[in-house]
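Hi everyone, and thanks for coming. I'd like to walk you through a structure that may be new to you, so let's bring it up on the screen.

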Amino acid sequence: MLGPPPVLLAVFAHPDDEAFRCGGTLALLSRRGVRVWVLCATRGEAGVPCLARQQAGQVRERELCCSCRALGIEPPRFLDLQDGTLAQVNEEQAIAQVMRIVRELRPQILLTWPPDGVSGHPDHVAVSRWTGEVFQRTVSPVALYHLVVPRSLAEAMEMGHLHTVPDEAVTLAVDVSAVWAAKMAAIRCHRTQIGGSPILHAPEVKQRLFLSTEHFQLATARPAPLIGLGVFLRLEENSGHDS
Ligand SMILES: [Zn+2]
């Protein structure tokens with residue numbers, strides 16, 4: 001590929017948001033020559049009950065660095081906001097902070113949680129909203145993707161608590177079995193989080209079902225030509241009709 005490498009910026013709320021439902025795709029993109037960055041709004045300070053918040057943040061920052069290394073992507077960036085508070089922070093300031101990183105890294109593609117945050121976590125909902133706003137207010141990214149869980153997958157996994165999308169709304173399904181080892185290594189980097197993870201205690205067949213294919217929805221794009229994830233992954237994207 002001529003010119004500077006294409007860039008993807010994934011905007012998330014917590015260390016480990018990058019691993020379970022999109023880590024394989026990030027690893028594949030990196031192997032295809034895309035520079036992949038994760039911007040994490042918090043250090044997950046509320047996620048280790050046995051540790052004080054600051055200490056927990058330090059531990060989880062290291063875990064995210066470990067995960068990014070395992071995926072073969074750039075070291076993580078942080079917004080220095082506090083875990084569990086993103087729905088209450090000054091939204092314009094947060095958007096401006098994300099915007100600064102976008103202006104610096106000039107990604108063609110943004111990736112974030114969908115508006116419902118999949119788990120419904122208010123921090124996920126907030127970063128999704130900010131990233132959508134940044135996309136609207138800047139020109140460098142040409143496409144904004146949400147990582148999503150198709151309804152049939154949640155049903156097969158008996159994960160009724162997750163917010164899902166109709167299967168037809170998925171615009172790209174990525175088989176990540178070629179980078180399975182890297183993805184699992186990234187997940188295992190999040191040592192403080194995986195003890196209680198139901199998916200990692202599920203039978204192997206269910207783990208594979210949930211983790212070996214990752215699903216995305218093209219949320220919004222500039223007018224054609226679209227340089228989407230599918231271009232870099234050499235996969236065809238469907239139009240994702242939402243009904
Ligand atoms: Zn999260």
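Before I count anything, a word on terms: helices here are DSSP runs of H or I with at least four residues, strands are runs of E with at least two, and both are numbered from the N terminus. Residues are numbered from 1 along each chain, following the sequence as written. Please keep in mind that this is a predicted model, where local features need pLDDT of at least 70, side-chain atom pairs count only at pLDDT 80 or more, and totals for chains, interfaces and linings use all residues.

So, how many helices and strands does the protein have? The secondary structure comes to nine helices and seven strands. The radius of gyration is 17 Å, close to the 18 Å that the globule rule gives for 243 residues, so the protein is as compact as a globular protein of that length. That radius is taken over C-alpha atoms, and the globule rule is 2.2 Å times the number of residues to the power 0.38. Along the principal axes, the C-alpha atoms fill a box of roughly 50 × 40 × 35 Å.

Next, burial. A residue is buried if 20 or more other C-beta atoms lie within 10 Å of its own, exposed if 12 or fewer do, and partly exposed in between, with C-beta atoms placed from the backbone. Buried residues make up 44% of the 243 residues.

And contacts: two residues are in contact if their C-beta atoms, placed from the backbone, lie within 7 Å. Among contacts between residues at least 6 apart in sequence, 77% join residues at least 24 apart.

You'll find Leu 8 in strand β1, residues 7–12. Leu 8 counts as buried because it has 26 C-beta neighbours inside 10 Å. Leaving out residues up to four places away in sequence, Leu 8 touches Leu 29, Val 34, Val 36, Pro 107, Ile 109 and Leu 111.

Now to helix packing. Axes are lines fitted to C-alpha atoms, for helices over the stretch in contact, and angles run from 0 to 180 degrees between N-to-C directions. Angles under 35 degrees count as roughly parallel, over 145 as roughly antiparallel, 65 to 115 as roughly perpendicular, and the rest as oblique.

Let's start with α6. Helix α2 (residues 53–71) packs against α6 at an angle of about 175°, with the axes 8 Å apart. That makes α2 roughly antiparallel to α6. On the α2 side the contact is made by Glu 63, Cys 66, Ser 67, Ala 70 and Leu 71, and on the α6 side by Ala 182, Ala 185, Ala 186 and Cys 189. Sorted by class, that gives seven nonpolar, one polar and one charged residues. For the classes, Ala, Val, Leu, Ile, Met, Phe, Trp, Tyr, Cys and Pro count as nonpolar, Asp, Glu, Lys and Arg as charged, and the others, Gly among them, as polar.

Helix α1 (residues 23–31) also meets α6 (residues 180–189): their axes come within 9 Å and cross at roughly 125°. These two helices are therefore oblique to each other. Gly 23, Gly 24 and Ala 27 of α1 make the contact with Ala 182, Lys 183, Ala 186 and Ile 187 of α6.

What about α3 and α4? Helix α3 (residues 91–105) and helix α4 (residues 122–137) pack at about 60°, with axes 9 Å apart. They are therefore oblique as well. Glu 91, Ala 94, Ile 95, Val 98, Met 99 and Val 102 in α3 meet Trp 130, Thr 131, Glu 133, Val 134 and Arg 137 in α4. That contact has seven nonpolar, one polar and three charged residues.

Finally, two loop residues. Most residues other than glycine have a negative phi. Arg 106, in the loop between α3 and β4, has a positive phi near 50°. With 15 C-beta neighbours inside 10 Å, Arg 106 counts as partly exposed. Val 118, in the loop between β4 and α4, has a positive phi too, near 60°. Is Val 118 buried or exposed? Val 118 counts as buried, with 24 C-beta neighbours inside 10 Å.
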